[in-house]
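I opened the notebook to look up a few things in one structure. The entries follow in the order of looking.

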Amino acid sequence: MTERGLPADVEALLQAVCAEQGVAARRHDELRMLLTTPPENWPVCCRGTCELCVDEQTSVARMVLARVHRDAR
């Protein structure tokens, strides 16, 4: 477990996916929150002008989870 609350392998995947997707480091804590919450409890888009939109956040979080499950095989 890292100091940020995620297992080291998940934190590494988060960093990699964020770099690939161009997600600023200041947004990583929001993604960590999603990754420690069951997906069925994730927030939904309000259709406002949020930056980073929750739809984008959940998309990145799903990419991380997909890689976690892929790497576990």
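Is the crossing of α1 and α2 left-handed or right-handed? I found it right-handed; a crossing is left-handed if the near helix is turned anticlockwise from the far one by less than a right angle, and right-handed if clockwise.

I noted that this is a predicted model, where local features need pLDDT of at least 70, side-chain atom pairs count only at pLDDT 80 or more, and totals for chains, interfaces and linings use all residues. Residues are numbered from 1 along each chain as its sequence is written, and side-chain values use heavy atoms, with hydrogens and water left out.

I looked up the packing next. Helix α1 covers residues 8–21 and α2 residues 28–35; helices are DSSP runs (H or I, at least four residues) numbered from the N terminus. Their axes lie 11 Å apart at an angle of about 130°. That makes α1 oblique to α2 (under 35 degrees is roughly parallel, over 145 roughly antiparallel, 65 to 115 roughly perpendicular, the rest oblique). Axes are lines fitted to C-alpha atoms over the stretch in contact, and angles run from 0 to 180 degrees between N-to-C directions.

I listed the contact (heavy atoms within 4.5 Å): α1 gives Val10, Glu11, Leu14, Gln15 and Cys18, and α2 gives His28, Leu31, Arg32 and Leu35.

I then checked Cys18, which is buried at 1% relative accessibility (buried means under 20%, exposed over 50%, partly exposed in between, with a 1.4 Å probe and protein chains only). Arg27, in the loop between α1 and α2, is also buried, at 17%.

I searched for disulfides (cysteine sulfur pairs within 2.5 Å) and found zero.

How values were computed
Helix = DSSP H or I, 4+ residues; strand = E, 2+ residues; numbered from the N terminus.
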